[in-house]
Amino acid sequence: MITGAILAGVAGMKVLVLEKEPIIGGRVVSFGGPHGTYSATEYRDLLAGCAGLRIVDSEPSLAQIVDGGLFEQHILDGGWHGVSAGDRCRYSTLARYFGKRIDVDPQVGLLYHRDGDWVEMRDVADRWPKESVRERTRVAAERALISNAEAAEFNHVGLRSYLELVTDDENVRDYYAVLAKFQMGVNDVERISAGDWIMCNNMTSASGRHLSLGGGMGDVRSGFKSAVDTFAEVIRESGGEIRTGARVDEVIIERHRAQGVVVEEAGRRSRVDARFVVSNLPMNRVFRIVPEETFPAELVERIKAIFPMPGLLGHVKLRQPIETRFPKGMFVLDGLEGPKLRGDATVYGFEQTSIIDPTRQQGADGCLLQTWVGMSAKDPDEIHDQAVVREVMDAKFAFMREQYPGFDDLVEWYIMVAAPAVYGVHPGPGLTGDRRPPVRHPLVRNLFFTGDTVTQTDVGTNGAAHGAVLCASAVADRDFRVLLPPAMR
């Protein structure tokens with residue numbers, strides 16, 4: 001949608017968007033309120049079709065939760081979608097260029113679990129010796145001076161190795177390791193790209209937002225799909241068209257040039273001719289519509305090496321909030337008792353979403369939690385291991401019961417979902433930076449790629465917005481990075 005909005009609203013091109021599902025939104029689809037009400041079957045099917053999510057468990061049954069007024073009383077995203085830099089993220093910035101607003105309600109406070117209680121990130125160092133406090137300040141100051149070009153030199157270096165390079169202080173290493181696990185969604189620190197992590201943090205700092213003081217992360221108001229709807233509005237206002245229920249089966253390639261696509265609508269196949277074709281299919285699935293043999297062998301190897309970063313996500317409706325000291329905080333536990341994902345401590349995070357963004361509850365009382373545990377899709381494939389997923393889910397609830405006595409009595413309902421691709425590309429060495437596929441097909445003219453699996457910096461939707469800007473620039477042969485502040489380019 002961002003690529004199409006830029007091409008239609010800035011470059012003046014005629015844009016047609018083809019969406020295979022009956023609604024737009026993709027992996028950031030939302031339900032309820034302005035996003036519509038659905039039956040339990042429709043909800044399950046749309047979760048799977050739009051976002052690739054599968055419902056692992058619910059209590060009571062999904063049908064009972066939906067029939068009880070789920071979508072009349074709440075707005076749910078497909079999963080938990082926080083965004084770096086909050087209201088100054090890339091897509092909020094781009095929306096302002098078009099005279100639109102994408103409101104992002106900020107989290108305030110980042111809480112670590114230490115010795116049975118929550119400690120604000122800024123206060124963790126209160127228990128350190130003075131030398132460690134000074135060392136953290138030095139490491140942070142030096143990191144902030146690293147340019148994106150310099151950070152890229154660490155794209156294929158694991159974060160643990162980077163931290164060992166820049167400091168000998170174990171307190172500082174542990175502090176940044178836990179922070180990075182939460183930000184990047186990866187339990188194993190050495191499988192986090194140091195370069196990507198540096199750029200993500202420096203961009204947030206340059207925006208003037210802070211993980212503890214507020215706005216370092218945030219939730220799109222009234223559901224993440226509101227952001228999608230904003231750029232869809234730009235496309236339509238600029239003369240473009242969006243068709244739902246339109247599945248692209250094939251990119252038409254003639255004489256090494258993309259000429260259009262074959263699309264299936266209502267059981268009928270037809271040809272749509274186009275001067276340019278832009279695919280947002282995840283690159284590890286792109287061979288479904290673009291023949292593998294059209295790509296150079298080295299790029300085929302890179303595409304086949306892509307694997308996503310998945311997670312076990314969940315919505316939990318409580319009768320009342322459980323955290324009052326930091327009601328809008330992000331809560332991070334480094335080490336669920338029981339499961340050892342990738343052989344390392346399991347990171348668990350949650351937030352009281354309906355307090356951060358009150359519009360998420362439409363006249364309902366209580367509090368809506370969103371929860372998350374990062375898992376793996378490769379070596380081993382944890383997210384598709386039903387026993388492991390169940391063990392992680394049980395461990396999440398066991399921690400909540402221990403931390404909050406009477407937790408079970410507060411739970412009205414919950415829905416747990418497995419997300420095979422929280423991020424389209426695992427943000428680790430060998431997969432980021434120059435190892436990401438380019439936005440332009442190197443051999444087929446007029447064929448381009450966008451989404452969160454192409455060249456970009458940062459993770460999640462904020463990274464996807466960067467890839468969208470780079471893609472639109474390649475299509476129109478103009479540098480649309482000027483629409484973003486320097487730190488986001």
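A nonpolar core, to start with, is a set of buried Ala, Val, Leu, Ile, Met, Phe, Trp, Tyr and Cys residues joined through side-chain atoms within 4.5 Å. Buried means under 20% relative accessible area, exposed means over 50%, and partly exposed is in between, with a 1.4 Å probe and protein chains only.

Quick housekeeping, everyone. This is a predicted model, where local features need pLDDT of at least 70 and side-chain atom pairs count only at pLDDT 80 or more, while totals for chains, interfaces and linings use all residues. Residues are numbered from 1 along each chain as its sequence is written, and side-chain values use heavy atoms, with hydrogens and water left out.

Okay, the cores. The largest one has 69 residues, and Ile6, Tyr91 and Phe231 have the most contacts inside it. Among the elements giving it two or more residues are α1 (2-9), α5 (90-97), α11 and β11. Helices here are DSSP runs of H or I with at least four residues, strands are runs of E with at least two, and both are numbered from the N terminus. Which helix gives this core its largest share? That's α16, with 9 residues.

Let's zoom in on Phe231. Leaving out residues up to four places away in sequence, Phe231 touches Met1, Ile2, Ala5, Tyr91, Leu94, Ala95, Phe98 and Ile102. A contact, by the way, means heavy atoms within 4.5 Å. There's also a second, separate core of 64 residues, including Leu62, Met121, Ala125 and Tyr423.

Back to α5 for a moment. Six of its residues are buried: Arg90, Tyr91, Ser92, Thr93, Leu94 and Ala95. That's 6 of 8, so α5 is mostly covered. After α5 comes Gly99, with a positive phi near 75 degrees.

Now, charges. Side chains of opposite charge can pair when their charged atoms come close. We call it a salt bridge when a side-chain nitrogen of Lys or Arg is within 4 Å of a carboxyl oxygen of Asp or Glu. How many salt bridges are in the whole structure? The search finds 35.

Take Asp105 and Arg221, which pair at 2.8 Å, N to O. Asp105 sits in strand β6 (residues 104-106) and Arg221 in the loop between β9 (217-220) and α11 (225-237), so this pair ties together parts that are 116 residues apart in sequence. Asp105 is buried at 9%, while Arg221 is partly exposed at 34%.

Another one is Asp249 with Arg269, where the closest N and O atoms are 2.9 Å apart. Asp249 lies in strand β11 (246-254) and Arg269 in strand β13 (268-273), so this pair links parts 20 residues apart in sequence. Asp249 is buried at 18%, but Arg269 is exposed at 53%.

Last stop, the second largest pocket. On a 1 Å grid over the protein atoms alone, a pocket is an open set of points where a 1.4 Å probe fits, with protein on both sides within 12 Å along at least five of seven lines, and lining residues have an atom within 4 Å of a point. About 340 Å³ of space lies in this one. It has 15 lining residues, and Met121, Arg143, Tyr175, Ser205 and His210 are the closest to its centre. The helix α9 gives the largest share of the lining, 4 residues.

Key. Grid points are joined across faces, edges and corners, and a volume is the space filled by probe spheres set on the points.
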